[in-house]
Amino acid sequence: MRVLRHWTFIGMALVGMLIYILQRLGIPLPLIINNYLNDTLSIPLTLFIILGIVRTWRGKGYLLSVPMIISVVAYYAIYFEYYLPQHNPRYTADLLDVSCYCLGGILFYFIQKCFLTKQH
């Protein structure tokens, strides 16, 4: 799972953790960071983990296909923006979150294409 040591994964994970910690400490953040950056980062982070697991079985050069990336984005959108808001008052449906998931999928696609094709 060497892909999980790639600088893009580590950077996104650190940014996501920093935002989470600052939110828990009650430190005010700009709304776009507070409400949407972690939603954008959640998809690439998830896809990096999936890629690391799949490469364990399929080999170092394996890449996730566009339909696989779209499937993860669709799952997040349906589960977090449709299902959970109906069953848990803590969650609210937000179309901008769906846009963030899509942006995260696109971001991962380009990271994978540019940085992960010949590495690990």
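Me: What is the length of the polar contact that joins the side chains of Thr8 and His6?

Reply: A word of care comes before the answer, since this is a predicted model. Thr8 is found in helix α1, and a polar contact links the side chain of Thr8 with the side chain of His6. The length of that contact is 2.7 Å.

Me: Is Thr8 buried or exposed?

Reply: The relative accessible area of Thr8 is 7%, and a residue counts as buried when this value is under 20%. Because 7% falls under that cut-off, the class of Thr8 is buried.

Me: How far apart in space are Met12 and Ser42, C-alpha to C-alpha?

Reply: Met12 lies in helix α1 and is buried, with a relative accessible area of 9%. Along the sequence, Met12 and Ser42 are 30 residues apart. In space, taken from C-alpha to C-alpha, the separation of Met12 and Ser42 is 8.9 Å.

Me: Which helix gives the most residues to the lining of the largest pocket?

Reply: The largest pocket has a volume of about 610 Å³, and of the 18 residues that line this pocket, the closest to its centre are Asn35, Asp39, Arg90, Tyr91 and Asp97. The elements that contribute two or more residues to the lining are α1 (7–24), α2, α3 (66–87) and α4 (95–115). With six residues, the element that gives the most is α2.

Me: How many charged residues does the lining of the largest pocket have?

Reply: Sorted by class, the lining of the largest pocket holds six nonpolar residues and six polar ones. The number of charged residues in this lining is six.

Me: Which side chain of opposite charge is nearest to Arg55?

Reply: Arg55 has its place in helix α2, which covers residues 31–58, and Arg55 is buried yet has no salt bridge. A salt bridge would need a carboxyl oxygen within 4 Å of a side-chain nitrogen, whereas the nearest side chain of opposite charge is 25 Å away from Arg55. That side chain belongs to Asp39.

Me: Which residue has the backbone oxygen that the side chain of Arg55 reaches at 3.1 Å?

Reply: Although Arg55 has no salt bridge, the side chain of Arg55 does reach a backbone oxygen, at 3.1 Å. The residue that carries this backbone oxygen is Lys60.

Me: What is the relative accessible area of Ile43?

Reply: Ile43 has its place in helix α2, and the C-alpha atoms of Ile43 and Ile21, which are 22 residues apart along the chain, are separated by 19 Å. Ile43 is classed as buried because its value is under the 20% cut-off. The relative accessible area of Ile43 is 0%.

Me: How far apart are the C-alpha atoms of Tyr109 and Val3?

Reply: Tyr109 is found in helix α4 and is partly exposed, with a relative accessible area of 29%. Along the chain, Tyr109 and Val3 are 106 residues apart. The separation of their C-alpha atoms is 14 Å.

Definitions and conventions:
Residues are numbered from 1 along each chain as its sequence is written. This is a predicted model: local features need pLDDT of at least 70, side-chain atom pairs count only at pLDDT 80 or more; totals for chains, interfaces and linings use all residues. Side-chain values use heavy atoms; hydrogens and water are left out. Helices (H or I, at least four residues) and strands (E, at least two) are DSSP runs, numbered from the N terminus. Buried means under 20% relative accessible area, exposed over 50%, partly exposed in between (1.4 Å probe, protein chains only). Lys and Arg count as positive and Asp and Glu as negative; His and the chain ends are not counted. A polar contact is a pair of N or O atoms within 3.5 Å; within protein, one must be able to donate a hydrogen and the other to accept it, and residues adjacent in sequence count only if both atoms are side-chain atoms. On a 1 Å grid over the protein atoms alone, a cavity is a set of points where a 1.4 Å probe fits but cannot get out, and a pocket is an open set with protein on both sides within 12 Å along at least five of seven lines; lining residues have an atom within 4 Å of a point. Grid points are joined across faces, edges and corners, and a volume is the space filled by probe spheres set on the points. Ala, Val, Leu, Ile, Met, Phe, Trp, Tyr, Cys and Pro count as nonpolar, Asp, Glu, Lys and Arg as charged, and the others, Gly among them, as polar.
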